[in-house]
Amino acid sequence: MFSSTGSFLSLSVFSVLVLLLSFYQVNSSSTPTKIGKGYRLISIEETPGGGIVGVLQVKQKNNIYGPDIPLLQLHVKHETQDRLRVHITDAEKQRWEVPYDLLPREKTQALKQTIGRSRKNPITVQEYSGSELIFSYIADPFSFAVKRKSNGQTLFNSSSDGSESFGEMVFKDQYLEISTQLPKDASLYGLGENTQPHGIKLYPGDPYTLYTTDISAINLNADLYGSHPVYMDLRKVKGQADAHAVLLLNSNGMDVFYRGTSLTYKIIGGVFDFYFFSGPTPLAVVDQYTSLIGRPAPMPYWAFGMILLSPLVLS
Ligand SMILES: *[C@@H]1O[C@H](CO)[C@@H](O)[C@H](O)[C@H]1NC(C)=O
């Protein structure tokens with residue numbers, strides 16, 4: 001009786017293991033699930049503030065991970081010579097964003113009037129150029145790309161082109177997904193807030209989950225811990241190395257999937273708020289990035305005392 005129960009148990013443990021392993025294999029296969037059919041751009045116009053605003057309409061609704069948000073507002077602006085912002089949110093309802101008083105930055109355009117007005121206007125803008133970065137788009141299904149003016153390199157391109165590697169943009173209340181194509185030889189660094197065996201260089205296939213839950217015990221009533229999903233992309237074009245960075249200003253939990261030729265964000269809330277920094281050197285990228293998010297405070301001279309002393313203490 002006992003031994004047969006025992007073998008039955010070990011058999012079930014074994015089959016559970018087999019089941020788990022087969023699940024693992026299904027999950028790690030290279031064809032990701034496609035959740036939606038994407039959006040179509042139904043209007044776009046220039047704003048008095050010097051940016052462009054567009055309206056996106058969902059192409060085909062489904063209920064996977066909840067209903068799709070039917071209308072989205074696209075806001076694009078070259079905020080400085082080397083910084084482009086692409087912001088996509090619900091056109092009809094306010095959504096959670098990193099608070100503007102916490103991280104002071106330009107506001108996006110007001111919503112309501114634009115929708116009513118712009119539907120009548122034809123889609124006129126095709127490319128929207130700054131001094132180094134160019135924003136361009138495909139209207140249906142909607143995708144956007146960011147190019148470098150000086151060498152024509154595409155830095156970001158969310159068009160899936162019907163390929164197997166990733167699907168169209170998805171925007172639901174608790175599930176947002178967007179991807180970019182990447183050249184094979186680009187080296188990506190960053191994301192952070194995630195321990196990786198390879199350090200800060202991104203390796204294809206490594207899982208990156210950003211879900212910051214740690215709280216410092218010293219400060220009361222404050223969640224001090226956030227993530228900055230930013231990566232720097234270094235690539236060599238015609239013998240010259242160029243760097244740029246992409247920040248997705250979204251504080252919600254997310255998975256980032258880097259596959260070597262594409263990168264996909266899957267987020268459980270908030271908005272798409274992308275900042276592209278043109279570089280072209282890594283130092284310039286850091287300068288442009290910290291001019292938006294804030295510079296680190298200089299260390300007081302005395303704070304180095306312990307570090308200078310430690311070799312003496314150790315010897
Ligand atoms: C983005 O990708 C699509 C599909 O591969 C392509 O047709 C389009 O030209 C690309 N855009 C840029 C700016 O590279």
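Me: In this predicted model, is N250 buried or exposed?

Reply: The class follows from relative accessible area, where under 20% counts as buried. N250 has 3% relative accessibility, so the residue counts as buried.

Me: Where in the fold does N250 sit, and which residues does N250 touch?

Reply: N250 belongs to the loop between strand 14 and strand 15 (254–258). Not counting residues up to four places away in sequence, its contacts are P229, I267, G269, G270 and V271.

Me: What does the side chain of N250 reach?

Reply: The side chain of N250 comes to 2.9 Å from the backbone oxygen of V271. V271 is also in the list of residues that N250 touches.

Me: How should I read the nonpolar cores?

Reply: In soluble globular proteins, nonpolar side chains tend to be buried together. Here the largest nonpolar core has 45 residues, and the members that touch the most others are F144, Y265, F274 and F276. Apart from that core lies another, of 13 residues, which includes V98, L249, V285 and Y289.

Me: Which residues is Y265 in contact with, leaving aside neighbours within four places in sequence?

Reply: The partners of Y265 are L176, E177, I178, Y231, V246, L248, M254, D255, V256 and F274. One of them, F274, is listed with Y265 among the core residues that touch the most other members.

Me: How much of the chain is buried, and how many helices and strands are there?

Reply: The chain has 315 residues, of which 43% count as buried. The secondary structure consists of 4 helices and 17 strands.

Me: What share of the contacts with a separation of 6 or more comes from residues 24 or more positions apart?

Reply: Such pairs make up 56% of the contacts in the chain with a separation of 6 or more. A spatial pairing across the sequence can also be read from C-alpha atoms: those of G192 and S227, 35 residues apart along the chain, are separated by 7.6 Å. G192 itself is in the loop between strand 11 (187–190) and strand 12 (207–210), and its relative accessible area of 32% makes it partly exposed.

Me: Where is G50, and which residues is G50 in contact with?

Reply: G50 lies in the loop between strand 1 (39–46) and strand 2. Leaving aside neighbours within four places in sequence, G50 contacts K77 and Y128. With 40% relative accessibility, G50 counts as partly exposed. Its C-alpha atom is separated by 9.3 Å from that of V76, a residue 26 positions away along the chain.

Me: Which residues are around the ligand?

Reply: The shell is formed by S136, A145, K147, T154, N157, S159, D161 and Q181. By class, 1 is nonpolar, 5 are polar and 2 are charged. Strand 7 (143–148) and strand 8 (154–157) each contribute at least two residues to this shell.

Me: What should I look for in the backbone angles?

Reply: Most residues other than glycine have a negative phi, and most peptide bonds are trans. Cis peptide bonds are found here between D140 and P141, with omega about -10°, and between G279 and P280, with omega about 10°. P141 is in the loop between strand 6 (133–138) and strand 7, while P280 is in the loop between strand 17 (272–277) and helix 3 (282–293).

Me: Where do Y65 and K238 lie?

Reply: Y65, not a glycine, has a positive phi of about 60°, and its place is the loop between strand 2 (52–58) and strand 3 (71–80). K238, also not a glycine, has a positive phi of about 50° and lies in the loop between strand 13 (230–237) and strand 14 (240–248). K238 counts as exposed because its relative accessibility is 76%.

Definitions and conventions. Residues are numbered from 1 along each chain as its sequence is written. This is a predicted model: local features need pLDDT of at least 70, side-chain atom pairs count only at pLDDT 80 or more; totals for chains, interfaces and linings use all residues. Side-chain values use heavy atoms; hydrogens and water are left out. A nonpolar core is a set of buried Ala, Val, Leu, Ile, Met, Phe, Trp, Tyr and Cys residues joined through side-chain atoms within 4.5 Å. Buried means under 20% relative accessible area, exposed over 50%, partly exposed in between (1.4 Å probe, protein chains only). Contact means heavy atoms within 4.5 Å. A residue is near a molecule or strand if one of its heavy atoms lies within 4 Å of it. Ala, Val, Leu, Ile, Met, Phe, Trp, Tyr, Cys and Pro count as nonpolar, Asp, Glu, Lys and Arg as charged, and the others, Gly among them, as polar. A polar contact is a pair of N or O atoms within 3.5 Å; within protein, one must be able to donate a hydrogen and the other to accept it, and residues adjacent in sequence count only if both atoms are side-chain atoms.
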